[in-house]
Amino acid sequence: MAKFYVTYGNGTKQAQKFSVVERENYEEARDYVFRAIGPAFAFIYHEDEWNLGSQTQAQKWGLSEIPLQAHEKY
C-alpha cells in the first residue's frame, strides 16, 4: 500500500490542511477520493512527491492533517 496525500484549496475551511489515503496506486486513490468526497479537493500527491528529502510538503507549507472531507468555501 502506498500513501497518498489530499490537499485542499485556499479560500476554503480546509485550507492549510491535508488528508492521507492508503491505496495500491494513484488511480485507486483518486477513485476512492472521488467516491468519498467528489471533486472537492485541490491535489493528490503520491508519498514520493510528498516527501521533499529532509522535510515533507506538510512541514514546508505548515499543513496539518484532518480526516478526508470535501472542502467547503467560506
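This presentation describes the fold of one protein and then a few of its residues.

Good morning. The structure is a predicted model, in which local features need pLDDT of at least 70, side-chain atom pairs count only at pLDDT 80 or more, and totals for chains, interfaces and linings use all residues. Residues are numbered from 1 along each chain as its sequence is written, and side-chain values use heavy atoms, with hydrogens and water left out.

I begin with the overall architecture. The protein has three helices and four strands, where helices (H or I, at least four residues) and strands (E, at least two) are DSSP runs numbered from the N terminus. Read from the N terminus, the order of elements is β-β-α-β-α-α-β. The radius of gyration is 12 Å, close to the 11 Å that the globule rule gives for 74 residues, so the protein is as compact as a globular protein of that length. That radius is taken over C-alpha atoms, and the globule rule is 2.2 Å times the number of residues to the power 0.38. Along the principal axes, the C-alpha atoms fill a box of roughly 35 × 25 × 15 Å.

Next, the chain as a whole. Of the 74 residues, 36% are buried; buried means under 20% relative accessible area, exposed over 50%, and partly exposed in between (1.4 Å probe, protein chains only). Contact means heavy atoms within 4.5 Å. Among contacts between residues at least 6 apart in sequence, 61% join residues at least 24 apart. The accessible surface comes to about 4700 Å², and 47% of this surface belongs to carbon and sulfur atoms; the areas come from the Shrake-Rupley method with a 1.4 Å probe, and for residues only the protein chains shown count as cover.

I now turn to individual residues. Which side chain forms a polar contact with that of Ser-19? The partner is Tyr-8, at 2.6 Å. A polar contact is a pair of N or O atoms within 3.5 Å; within protein, one must be able to donate a hydrogen and the other to accept it, and residues adjacent in sequence count only if both atoms are side-chain atoms. Ser-19 lies in strand E2, residues 17-23, and counts as buried because its relative accessibility is 0%. Its side chain also has a polar atom 3.3 Å from the backbone oxygen of Pro-67. Leaving out residues up to four places away in sequence, Ser-19 touches residues including Phe-4, Ile-66 and Gln-69.

Gln-69 sits in the segment after strand E4 (64-65). With a relative accessible area of 28%, Gln-69 is partly exposed. The backbone oxygen of Pro-67 lies 3.0 Å from a polar atom of the Gln-69 side chain. Beyond its neighbours within four places in sequence, Gln-69 is in contact with Tyr-8, Gln-14, Ser-19, Ile-37 and Ala-40.

Two further residues deserve mention. Thr-7 lies in strand E1 and is buried, with a relative accessible area of 9%. Not counting residues up to four places away in sequence, Thr-7 touches Phe-41, Trp-50 and Leu-63, among others. Gln-16 belongs to the loop between strand E1 (2-7) and E2, and is partly exposed at 37% relative accessible area. Most residues other than glycine have a negative phi.

Thank you for your attention.
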